[in-house]
Amino acid sequence: MHYERMKWWLNRHLSITRALQGGLLAIGAPLGWLLILALDGQPPETAIRATPGLFAYMLFGTMSVFAGFGWIMGGHEQAERDRGLHDGLTGLYNAEFFHIALGNVVSAMRRHEQPVALVIFDLDHFKRINDSFGHAAGDEVLRHVGHAVADAARGDEIVARIGGEEFALLMPGSTLQAAETAAERLRQIMAQSAYCVVDGERHSVTASFGCAARQQWAEAVGESRFNAADQAMYAAKQAGRNRVLTEDNAALS
């Protein structure tokens, strides 16, 4: 199934499920009517032959109403679930969802012997924005970052805000080199997108990036890749900030 079709299905599966459940429940209306007639001594088949239009109306009309109601309620339920998986400020996935996705993606890539890469980045000196201009300015920076990273990510990549000013990009099927290239592209995007405007003046921040990947599956991995990328990101900060380090060159720095 094409990714976009799969994403549509996942976003609509609750609506579809609730609509089907509503349709099945609606069958109870004509069946109840036939039961009442049977208790009054009138055989159900006689009642159906006598008033087929009424029976059809009760069956399909009630099914349509219940299915439509189920579709609407499923949409509301899915929206509530989505809100629970996303960060309210940036619109990106939250840390809880990201760590679940990390385990699932790593397991899937391992089964298919495909690589998986992870990029973690943290905004440099972000506290200065909050301390100097207030949390509203800091929130503006984070919103800009969230929109920029979401726009830059490929369709199969997962982007999340995993901490106050810390973000992660999960890249199924990508190598360490691809992660480093993506991180460098994001670093340049941050230079243009991580900013706030206070009293007509633009204030920008940079970001430090750490990358890790797994291409050989001789051992179990999961959170170890997260830790490796996280350590590389901190090494990038210690090396001067506003740069990209991989798990390999972080060990040499």
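Buried means under 20% relative accessible area, exposed means over 50%, and partly exposed is anything in between, using a 1.4 Å probe and protein chains only.

## Ground rules

This is a predicted model, where local features need pLDDT of at least 70, side-chain atom pairs count only at pLDDT 80 or more, and totals for chains, interfaces and linings use all residues. Residues are numbered from 1 along each chain as its sequence is written, and side-chain values use heavy atoms, with hydrogens and water left out.

## Asn130

Asn130 is found in helix α6; helices here are DSSP runs of H or I with at least four residues, strands are runs of E with at least two, and both are numbered from the N terminus. Asn130 counts as buried because its relative accessibility is 17%. Leaving aside neighbours within four places in sequence, Asn130 is in contact (heavy atoms within 4.5 Å) with His135 and Gly138.

## The nonpolar cores

A nonpolar core is a set of buried Ala, Val, Leu, Ile, Met, Phe, Trp, Tyr and Cys residues joined through side-chain atoms within 4.5 Å. The largest one has 33 residues, and those with the most contacts inside it are Val119, Phe121, Leu123, Val141, Val145, Met190 and Phe209. At least two residues each come from β1 (116-123), α6 (126-133), α7 (135-152), β3 (166-172), α8 (176-193), β4 (195-198) and β6 (207-214). Helix α7 gives the largest share, seven residues.

Take Phe121 as a way in: leaving aside neighbours within four places in sequence, its contacts include Val145, Val149, Phe167, Leu186, Met190, Phe209 and Met233.

Helix α2 covers residues 28-39, so 12 residues by the DSSP run. From first C-alpha to last it reaches 16 Å, close to the expected 16 Å, which is 1.5 Å times one less than the number of residues.

Pro30, Trp33, Leu34 and Leu37 of α2 are buried. They sit on the same side of α2 because they cover an arc of only 95° around the axis, taken from the directions from the helix axis to the C-beta atoms. Over on the other side, Leu31, Leu35, Ile36 and Leu39 are exposed. Just after α2, Gly41 has a positive phi of about 95°.

## A hairpin

β4 and β5 (residues 201-204) pair in the antiparallel sense over four bridges; pairing takes at least two DSSP bridges between two strands. Val198 stands opposite Glu201 in β5. The two strands form a hairpin with two residues between them, and Asp199 in the turn has a positive phi of about 55°.
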